4 protein chains.
Amino acid sequence: MVGVMGGGEELAPEIYRLAYHLGELIAKEGWVLLNGGRPAGVMEASAKGARENGGLTVGVLPGKDGGAASDYIDVVIATGMGDGRNYINALSSDIVVALPGKAGTVSEIALALKNRKKVILLGADVGTTFDFYRDEGLLANASTPEEAIQIIKRLHVPGKTHATPGSKKLYGKYIIK
Amino acid sequence: MVGVMGGGEELAPEIYRLAYHLGELIAKEGWVLLNGGRPAGVMEASAKGARENGGLTVGVLPGKDGGAASDYIDVVIATGMGDGRNYINALSSDIVVALPGKAGTVSEIALALKNRKKVILLGADVGTTFDFYRDEGLLANASTPEEAIQIIKRLHVPGKTHATPGSKKLYGKYIIK
Amino acid sequence: MVGVMGGGEELAPEIYRLAYHLGELIAKEGWVLLNGGRPAGVMEASAKGARENGGLTVGVLPGKDGGAASDYIDVVIATGMGDGRNYINALSSDIVVALPGKAGTVSEIALALKNRKKVILLGADVGTTFDFYRDEGLLANASTPEEAIQIIKRLHVPGKTHATPGSKKLYGKYIIK
Amino acid sequence: MVGVMGGGEELAPEIYRLAYHLGELIAKEGWVLLNGGRPAGVMEASAKGARENGGLTVGVLPGKDGGAASDYIDVVIATGMGDGRNYINALSSDIVVALPGKAGTVSEIALALKNRKKVILLGADVGTTFDFYRDEGLLANASTPEEAIQIIKRLHVPGKTHATPGSKKLYGKYIIK
C-alpha cells in the first residue's frame with residue numbers, strides 16, 4: 001500500500017500531471033494506492049491516475065460521510081476525525097510519496113517519519129526540516145514518478161513486510177480488465 | 001461496504017460457522033466486507049468466509065502495525081487509535097451486521113446507530129437497550145445469514161447511497177477467478 | 001477524575017436536577033468532573049452543578065472549536081474527532097457515572113467497561129446488556145447521586161490509582177472561594 | 001490555554017531551562033499550560049515550571065493509561081490514540097509555543113497552522129517549511145520565553161476567543177497559595 005500525500009487545493013497543471021502519472025505507475029505495479037480520499041488536489045489526481053489504469057484505490061476521509069469521497073476511490077474509510085486521519089494515513093501506508101502541499105502534507109510527512117515509515121519527496125519542499133531522518137535512511141528525494149517507483153522497489157524488499165505480498169496477492173487474485 | 005462486528009475472543013463452533021457463512025454470502029453478493037481486522041473471533045471467521053469466496057476484505061485495526069492483521073484481510077487500515085477505531089468502523093460501513101460479542105461489539109452497534117447507520121442483529125443480544133432505534137427503523141433482527149442478506153437488499157436501495165454502487169462498480173471492475 | 005455521561009438532548013426536569021446534584025456532590029468531594037463538554041443535556045447540568053459549587057470541570061468536545069463548550073467547563077479539550085472522543089472520555093475517567101441517554105451514552109458505557117473502568121448506572125437503563133461486567137464487579141447501580149458518591153468512595157481506594165490522589169492534590173493546591 | 005510542544009527525548013540543559021522557564025511564565029500569567037503529558041523532555045520540564053509556580057497543567061497523553069503522565073500534570077487526558085493526539089493538542093491550544101523537537105513536534109506545528117492556530121517558534125528550527133503561514137501572520141519567532149509571552153499578549157486580544165477569558169476566569173476562581 002503506497003500512500004500518496006499532497007495538497008488538497010487546486011493544482012498547477014504540472015503538479016496535476018505529476019500526481020496522475022504517479023497514480024498510474026502505482027497501479028501498473030499492482031500496488032494499492034492510499035490517500036486522503038477527497039475529490040480535490042493531489043488526492044483526486046492520483047486516484048484518477050490509479051483507477052483509470054486498473055488500480056485499487058483507498059481513501060481515508062476526514063469527514064463522517066463516505067459519500068464525500070472522490071469518484072475515483074474504491075474503498076472509502078470515513079473516519080469523522082478531521083486531520084486526526086493524517087495519522088491513520090501515515091500508519092496504513094507501507095511507504096509514503098509526498099507531492100507539494102501545505103501544512104496538512106507536512107503533518108503527514110512528519111507523522112510517517114515519526115512512526116518509522118519511509119517517505120519519498122516528489123516535489124514536496126520541506127527544506128532542512130527533516131534532515132535528521134534523511135541521515136537515518138528514512139527520507140529520499142525523487143525527481144520523477146518513475147524514480148519514486150524505483151526507490152520504492154529498492155527500499156521495499158518483498159516479503160519483509162505484510163504490504164508488498166499483500167498487494168501482490170491482491171493483484172493475483174483479481175484480473176484487471 | 002458491509003460492516004461485520006462481533007467478539008474478538010475464541011468462538012463457539014456455531015458462531016464461527018455463522019460468521020464464516022455471513023462473510024461467504026457478502027462476498028457472493030459482490031459486496032466489500034469491513035471488520036476490525038484482527039486474526040481472532042468474528043473478524044477472522046468472517047474475513048475468511050469472504051476471502052475464500054472471492055470477496056474483498058477491509059480490516060480497520062486498533063494498533064499501529066498493519067502486520068498484525070488477519071491473513072484474510074486485503075486492505076489493512078492501521079489506525080493506532082485503539083477502540084477509537086470502532087467509530088471509524090461504524091462510519092465506514094454502509095450497514096452493520098452484529099454477531100455475538102461483548103462491550104466492544106456493543107460500542108460499535110451504539111456508534112453506528114448514533115450516526116444513523118442501519119444495524120442488523122445476527123445473534124447479538126442487546127436486550128431492550130436500543131429499542132428506541134428499532135422504532136426508528138434503524139435496528140432489525142435476523143435469525144440466519146441468509147435473512148441478514150435479504151434485509152440488506154431490502155433496506156439498501158441501490159443508488160441511494162455511495163456504497164452500493166461503489167461496491168457494484170468494484171465488482172464490475174475486477175473479475176473474480 | 002469522575003466521568004459523567006448521559007444524554008445531550010433536552011432533559012426532563014428530574015434528570016436535570018439529578019445531573020446537577022451529582023456535579024455538586026463531585027465538586028464537594030474535591031474531585032474533578034469530566035464530561036463531553038457541550039452546552040446541552042447532562043453535560044451542561046452536571047458541569048453547572050460542579051462549577052457553582054467550587055469544582056473543576058473538564059469537557060472533551062467532539063468538535064474542533066473550543067468556543068462551543070458549555071460556559072461551565074473550565075478546561076476545554078477540542079478533539080475534532082466526533083464520537084471518537086467517547087473513547088477518550090472513557091479512558092480519561094477514573095470511574096464513570098452514567099445517567100439516562102441514548103446510543104452515545106451506551107457507547108461510552110461500553111468503551112469504559114471494555115477498558116476495565118468501573119461504571120455506576122444512575123438512572124441509565126441498559127437492560128441485561130452488560131451483565132457480564134456486573135459479574136466481574138465493574139458495573140454497579142445507584143439510585144441517588146449520594147449513593148453514587150458512596151460507591152465511588154468504596155471502589156476507589158485512595159492511593160491505588162493516579163486519579164484520586166491527583167484530585168486531592170489539586171484540591172489541596174487551590175483554595176476554593 | 002497555551003500549548004507547549006517540543007521534543008520528548010532527553011534535553012540539553014539549556015533547552016530544559018528554556019522549557020521550565022516558559023512554563024513558569026505561563027503560570028505567572030495565570031494561563032493554563034497544555035502539553036503532551038509524558039514525563040519526558042519539553043513536556044516534563046514545562047509542566048514542572050508551571051506547577052512549581054502555581055499554574056494549572058493539562059496533559060494529553062498518547063497512551064491509554066493516565067498513570068503514565070508526568071507528576072507535574074494536574075488534568076490528565078488519556079487518549080489511547082498515539083500520535084493522533086497531536087491533532088487534539090493543536091485544536092485544544094489557543095496558541096502554540098514550539099521548542100526544539102523532531103518529527104512529532106513538526107507534526108504539531110503543522111496541524112496547528114492548518115487549523116489556523118497561531119504558532120510561536122521558541123528555538124524550534126523549521127527552516128522555510130512554513131513560510132506560507134508566516135506571511136499570513138500565523139507564525140512568529142521568539143528568542144526568549146519572555147518574548148514569547150509578549151507575543152501571546154499582543155496576538156491574543158482578551159475577549160476575542162473563549163480561551164483567554166476562560167483562563168482568566170479560572171485564575172479568578174481559584175486563589176493560588
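Biologist: What share of the interface residues of chain A are also interface residues in chain D?

Modeller: This is a predicted model, so the answer applies to the prediction. The contact takes 23 residues from chain A and 23 residues from chain D. The copies meet through the same surface, because the share of interface residues of chain A that are also interface residues in chain D is 100%.

Biologist: By what turn can chain A be laid on chain D?

Modeller: The superposition has an RMSD of 0.0 Å, with a shift of 0.0 Å along the axis. The two copies are thus related as by a two-fold rotation axis. In chain A, the C-alpha nearest that axis belongs to S107(A), at 2.2 Å.

Biologist: How much area do chain A and chain D bury between them?

Modeller: Carbon and sulfur atoms carry 66% of the buried area. On the side of chain A, the residues that lose the most area to chain D are D83(A), A103(A) and T129(A), together 28% of what that side buries. Between them, the two chains bury about 1,800 Å².

Biologist: Which residue of chain D meets the side chain of K114(A) in a salt bridge?

Modeller: Two salt bridges are found across the interface of chain A and chain D. In the one that involves K114(A), the N to O distance is 3.0 Å, and a salt bridge needs the nitrogen within 4 Å of the carboxyl oxygen. The partner is D83(D).

Biologist: Which element gives the most residues to the side of chain A that touches chain D?

Modeller: Eleven residue pairs are in polar contact between chain A and chain D. The elements of chain A that give two or more residues to this side are α3 (85-92), α4 (103-114) and α5 (131-135). With eight residues, the element that gives the most is α4(A).

Biologist: Is E24(D) buried or exposed?

Modeller: E24(D) lies in helix α1 of chain D, residues 13-28. Apart from its neighbours within four places in sequence, E24(D) is in contact with G49(D), A50(D) and N53(D). Its relative accessible area is 16%, and the cut-off is under 20%, so E24(D) is buried.

Biologist: What percentage of the residues in chain A are buried?

Modeller: Chain A has seven helices and eight strands. Its accessible surface comes to about 6,200 Å², with 52% belonging to carbon and sulfur atoms. Of the 177 residues in chain A, the buried ones make up 63%.

Definitions and conventions: Residues numbered from 1 in each chain as written. Chains lettered and ligands numbered in written order. Predicted model: local features only at pLDDT ≥ 70, side-chain atom pairs only at ≥ 80, totals over all residues. Heavy atoms only, no water. Helix = DSSP H or I, 4+ residues; strand = E, 2+ residues; numbered from the N terminus. Buried < 20%, exposed > 50% of the residue type's maximum accessible area, 1.4 Å probe, protein only. Areas by Shrake-Rupley, 256 points an atom, 1.4 Å probe, with all protein chains shown as cover. Least-squares fit on C-alpha atoms with pLDDT ≥ 70 in both. Contact = heavy atoms within 4.5 Å. Buried area = accessible area lost by both parts, 1.4 Å probe. Polar contact = N/O pair within 3.5 Å; in protein donor to acceptor, adjacent residues only side chain to side chain.
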